[in-house]
Amino acid sequence: MVAGEHLGGSWRIRSTVGPERVPDRRLTRPDGSRNSPERPWVDTDQTYACASTRKARSVMKIGIIGAGNIGGNLTRRLTALGHDVSVANSRGPQTLTELAEETGATPVPVEEAARDAEIVVVTVPLKAVPNLPSGLLDGAAEGVVVIDTGNYYPQQRDGKIAGIEDEGLTESRWTERQIGHPVVKAFNGTFAADILERARPAGAPDRQALPVAGDDEAAKRKVRALIDELGFDTVDAGGLDDSWRQQPGTPVYGLREGVDGVTKALAAASPERTAEWRA
């Protein structure tokens with residue numbers, strides 16, 4: 001059976017007996033008490049990484065569209081950091097009860113996920129992006145920043161997307177056009193489990209770095225600050241038209257290295273989309 005590792009809301013194909021499983025983080029707190037919406041569990045191993053920024057940061061309203069492995073784990077971490085998180089998926093809020101009880105996040109219909117949000121994370125399969133409701137961001141906060149975690153998997157999931165293959169659009173540029181709002185590309189090459197397990201304090205020698213691409217410098221700074229708060233360094237990967245450097249099949253995709261390693265991997269990328277990543 002073909003199996004995969006979950007990156008950026010999608011499956012990276014590899015030859016193993018099955019997908020990497022994300023450990024259940026819902027068990028008990030260190031004091032033995034159970035998790036609840038009123039007192040969501042905060043794992044100290046996962047929160048110490050933001051110690052350098054905790055005093056300076058402010059609580060944000062964040063909407064997450066997509067509750068798969070990436071969306072679910074971002075919900076877990078961001079609520080643990082104290083942010084006000086709304087989460088939605090295509091099946092409706094009634095299917096998110098367990099995640100809401102675990103984290104304290106608010107399950108909502110997709111149409112309401114961006115309401116008053118300062119940051120919206122779109123983490124759905126690329127083929128589902130055109131099906132997102134029109135006016136998705138109409139109720140968002142002024143200057144809302146949209147993070148796109150998506151990847152194009154033509155053979156494995158999405159089928160051919162003409163704008164990407166025939167027009168040569170980067171995956172996130174295509175997504176930006178579909179939703180009618182600028183996006184910042186991040187988390188697309190990140191293993192879902194790493195969001196929970198590999199956070200480190202600033203300056204730690206084994207702190208992992210993530211590439212971030214986008215045209216709006218202020219929006220990109222906001223995303224990079226959030227990623228720092230989550231316990232990861234970042235590397236500016238350029239504008240959205242440069243984001244091919246972090247698409248599937250590139251050296252940085254799935255890379256678990258620091259700033260220097262990520263910088264070198266971005267520079268080594270080729271713009272040619274190989275046969276594995278074409279329909």
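**Overall fold and aromatic contacts of the predicted model**

The protein has 9 helices and 10 strands, where helices (H or I, at least four residues) and strands (E, at least two) are DSSP runs numbered from the N terminus. This is a predicted model, in which local features need pLDDT of at least 70 and side-chain atom pairs count only at pLDDT 80 or more, whereas totals for chains, interfaces and linings use all residues. Residues are numbered from 1 along each chain as its sequence is written, and side-chain values use heavy atoms, with hydrogens and water left out.

Of the 279 residues, 54% count as buried; buried means under 20% relative accessible area, exposed over 50%, and partly exposed in between (1.4 Å probe, protein chains only). Contacts (heavy atoms within 4.5 Å) were also examined. Among those with a separation of 6 or more, 68% come from residues 24 or more positions apart.

Turning to the strands, 6 of them form an open sheet in the order β5-β4-β3-β6-β7-β8, with parallel pairing; two strands pair if DSSP finds at least two bridges between them. At the edges are β5 (106-107) and β8 (184-185), each of which pairs on one side only. Strand β7 (residues 145-148) is joined to β8 by 2 bridges, and the two run parallel. Within β8, V184 is the bridge partner of I147.

Helix α9 has two contrasting sides. G261, V262, A265 and L266 are buried in α9. They cover an arc of only 130° around the axis, so they are on the same side of α9; the arc is that of the directions from the helix axis to the C-beta atoms. D260, K264, A267 and A268, on the other side of α9, are exposed. The cover over the buried residues of α9 includes β9 (209-212) and β10.

A search of the whole structure finds 2 aromatic pairs. Rings of Phe, Tyr and Trp (its six-membered ring) pair if their centres lie within 6.5 Å; planes under 30 degrees apart count as stacked, over 60 as edge-to-face and the rest as tilted. The rings of Y253 and W277 have centres 6.4 Å apart and planes at 70°, so this pair is edge-to-face. The pair links distant parts of the chain, 24 residues apart: Y253 lies in the loop between β10 (233-236) and α9 (259-268), and W277 in the segment after α9. Y253 is buried, with a relative accessible area of 4%, and W277 is buried as well, at 6%. Together with Y153, Y253 and W277 form one aromatic cluster.
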